[in-house]
Amino acid sequence: MRLYPCDLRVGQLEQVFDNVASMGYNRVYVNAFYNGQVLLPAADNPTLWPSVVGQRAPDGDLLARAIALGRERGVEVHAWLFTMNFGPTYAVRRDRQGAFARNGFGQTNLEDPTSATTEAQPGHIFIDPYSSQAREDFAAVVRRSPAANLMASSSITFAIPSATRA
């Protein structure tokens, strides 16, 4: 499930979770990092990436609201992260070039002429999962409270201290 700034409108997210529960689902996976943006409130975002909600609602915490609404309806909420694509904000940073994944010719997916058209865009910069810089940058995304159960789809593994879990 992907949440958007419009889900902050009064009653919008409640309606989404009412629909999820009424269809019989008991678990959802909320995409907490997509298009180079994080599902953190803009006012409390220690990462390099902009908040999904931006300045429309600087204190708007869609993930915390989703967790709370899911619990009220008996739906488990898990934060899901695709950790290989760090997005356009990261792609343009000169100080992070060393964290990009490279092919056998030393090219990133933006430089490789054989990359599919959809992969050769600044919005799709793939990182090296073994890069300590990338791991450190991404760790800021998962260090938050409340934290949902984390599902990351890459070889980057993070331990979330139990004290920060909701």
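A residue counts as buried when its relative accessible area is under 20%, as exposed when that value is over 50%, and as partly exposed in between. In this predicted model, Trp49 and Phe138 are both buried by that criterion.

- Tyr4 and Tyr34 form an edge-to-face aromatic pair, with 6.0 Å from centre to centre and 70° between the planes.
- Because Tyr4 lies in the segment before α1 (12-22) and Tyr34 in strand β1 (residues 27-34), the pair ties together parts that are 30 residues apart in sequence.
- Tyr4 has 40% relative accessibility and therefore counts as partly exposed, whereas Tyr34, at 5% relative accessibility, counts as buried.

**The pair of Trp49 and Phe138**
- Trp49 and Phe138 also form an edge-to-face aromatic pair, for which the values are 6.3 Å centre to centre and 75° between the planes.
- Trp49 lies in the loop between β2 (37-38) and α2 (62-72), while Phe138 belongs to helix α4 (residues 132-142), so this pair ties together parts that are 89 residues apart in sequence.
- Trp49 and Phe138 are also members of a cluster linked by ring pairs, which includes Phe33, Phe86, Tyr90 and Phe100 as well.

**Helix α4**
- The buried residues of α4 are Ala134, Asp137, Phe138, Ala139, Ala140, Val141 and Val142.
- At the start of α4, a side-chain oxygen of Ser131 comes to within 3.3 Å of the backbone nitrogen of Gln133.

Methods
Residues numbered from 1 in each chain as written. Predicted model: local features only at pLDDT ≥ 70, side-chain atom pairs only at ≥ 80, totals over all residues. Heavy atoms only, no water. Phe/Tyr/Trp six-rings, centres within 6.5 Å; stacked < 30°, edge-to-face > 60°. Helix = DSSP H or I, 4+ residues; strand = E, 2+ residues; numbered from the N terminus. Buried < 20%, exposed > 50% of the residue type's maximum accessible area, 1.4 Å probe, protein only. Polar contact = N/O pair within 3.5 Å; in protein donor to acceptor, adjacent residues only side chain to side chain.
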